[in-house]
Amino acid sequence: MRIVVLAGGIGGARFLRGLKQAAPDADITVIGNTGDDIHLFGLKVCPDLDTVMYTLGGGINEEQGWGRTDETFQVKAELAAYGVGPEWFGLGDRDFATHIVRTQMLGAGYPLSAVTEALCARWKPGVRLLPMSDDRIETHVAVDVDGERKAIHFQEYWVKMRASVDAQAVVPVGADQAKPAPGVLEAIAASDVILFPPSNPVVSIGTILAVPGIREGIADAGVPVVGLSPIVGDAPVRGMADKVLAAIGVESTAAAVARHYGSGLLDGWLVDTVDAAAVGEIEGAGVRSRAIPLMMTDLEATTAMAREALRLAEEVRA
């Protein structure tokens, strides 16, 4: 079985760990979000790609869900002593090494897809990890601060500001001019099933779909497309997805997110048992739906979620 997964950071990475357990013999290709990418201290940082790579490769800080395990922050402290910021983005010493290697390779002319493949050669995540594009894409958020509207990088909004103000707009800058990375459209076309894990539907999966050709490729693939709701009981499971959903006029409900993706793209949608009442509404919109436990409390629970997603895909196919 050939499975394609569109993935953001923590939620996508943890779901993938369960998917590998649920389908150990599957050929899994992960299309990773690069809209969160940012340049810091002269280095190219790819948070979502690295979170997938570290999580599946056994190097993630399990408590945080991001960054390296057994991390130290000596370089960060020294930079702060020199007055060099930003201090709000905490890169650890082990993590710095990844970004140095990536930046050196990019500077030598290698595309991000080739660099990601080289980094994964160390971590051996057990999946093929592709950036959504080799082109530079950065998600920016429009906010009103002190009576002035300005656009800031998504990382500043999410990490520094903790989404403490309403997002007025979310823009994946550069996406409209970008091309899918090599292998992305080919993997979609050759897939047997496509999964949307419980990642942020706006700034993770939504950004991937904003790259011209990817949404169209998925819609035309002719295979089941199944998603898992990141909204449980009208609230995001993790993070502040409700803030960016509001910016695009989508309610923070499992049914509203399903409608946002649309029946032209989505075939199946899993919601949590607390949202079982929404199943009829979702199926009325042309998307097959089931209610199951959707909290990734441990690997066993996450594996069960992945199995249910694959089961729903087979129902759709039949």
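Which residues in α4 meet which residues in α5? In this predicted model, Thr98, Val101, Arg102, Met105 and Leu106 on the α4 side meet Leu112, Val115, Ala118 and Leu119 on the α5 side, where contact means heavy atoms within 4.5 Å. Sorted by class, the residues of this contact are seven nonpolar, one polar and one charged; here Ala, Val, Leu, Ile, Met, Phe, Trp, Tyr, Cys and Pro count as nonpolar, Asp, Glu, Lys and Arg as charged, and the others, Gly among them, as polar.

Residues are numbered from 1 along each chain as its sequence is written, and side-chain values use heavy atoms, with hydrogens and water left out. The model being predicted, local features need pLDDT of at least 70 and side-chain atom pairs count only at pLDDT 80 or more, while totals for chains, interfaces and linings use all residues. Helices (H or I, at least four residues) and strands (E, at least two) are DSSP runs numbered from the N terminus.

Two packed helices are described by the angle between their axes and the distance between the axes. Axes are lines fitted to C-alpha atoms, for helices over the stretch in contact, and angles run from 0 to 180 degrees between N-to-C directions. For helix α4 (residues 93-107) and helix α5 (residues 112-123), the axes come within 10 Å and cross at roughly 140°. That angle makes α4 oblique to α5, given that angles under 35 degrees count as roughly parallel, over 145 as roughly antiparallel, 65 to 115 as roughly perpendicular and the rest as oblique. The crossing of α4 and α5 is right-handed; a crossing is right-handed if the near helix is turned clockwise from the far one by less than a right angle, and left-handed if anticlockwise.

Helix α4 also packs with helix α2 (residues 47-57), at an angle of about 120° and with the axes 12 Å apart. This makes α2 oblique to α4, and their crossing is right-handed. Asp50, Met53 and Tyr54 of α2 make the contact with Asp95, Thr98, His99 and Arg102 of α4. By class, two nonpolar, two polar and three charged residues take part in the contact of α2 with α4.

Helix α2 has a further partner in helix α1 (residues 10-22): the two axes come within 9 Å and cross at roughly 35°. The crossing of α1 with α2 is right-handed. From α1, Ile10, Ala13, Leu16, Arg17 and Lys20 contribute, and from α2, Thr51, Val52, Thr55 and Leu56. The residues of the α1 contact with α2 comprise five nonpolar, two polar and two charged.

How much of α2 is covered? Ten of its eleven residues are buried, meaning under 20% relative accessible area, with exposed over 50% and partly exposed in between (1.4 Å probe, protein chains only). Among the buried residues are Asp50, Met53 and Tyr54. Just after α2, glycine 58 takes a positive phi of about 85°. Glycine 58 sits in the loop between α2 and α3 (74-81) and, at 62% relative accessibility, counts as exposed. Its C-alpha lies 8.8 Å from that of threonine 69, eleven residues away in sequence.

Turning to the aromatic rings, seven aromatic pairs are counted, where rings of Phe, Tyr and Trp (its six-membered ring) pair if their centres lie within 6.5 Å, and planes under 30 degrees apart count as stacked, over 60 as edge-to-face and the rest as tilted. Tryptophan 88 and phenylalanine 89 form an edge-to-face pair, 5.9 Å centre to centre with 75° between the planes. Tryptophan 88 is partly exposed at a relative accessible area of 25%, whereas phenylalanine 89 is buried at 11%. Elsewhere, Phe154, Tyr157 and Trp158 are linked by ring pairs into a cluster.

Histidine 153 belongs to strand β7 (residues 148-153) and counts as buried at 12% relative accessibility. Apart from neighbours within four places in sequence, histidine 153 is in contact with Gly35, Asp36, Asp37, Ile38, Glu138, Thr139 and His140. Valine 279, in helix α12 (residues 279-284), is buried as well, at 16% relative accessibility. Not counting residues up to four places away in sequence, valine 279 touches Val271, Ser289, Arg290 and Ala291. The C-alpha atoms of valine 279 and alanine 254, 25 residues apart along the chain, are 9.2 Å apart.
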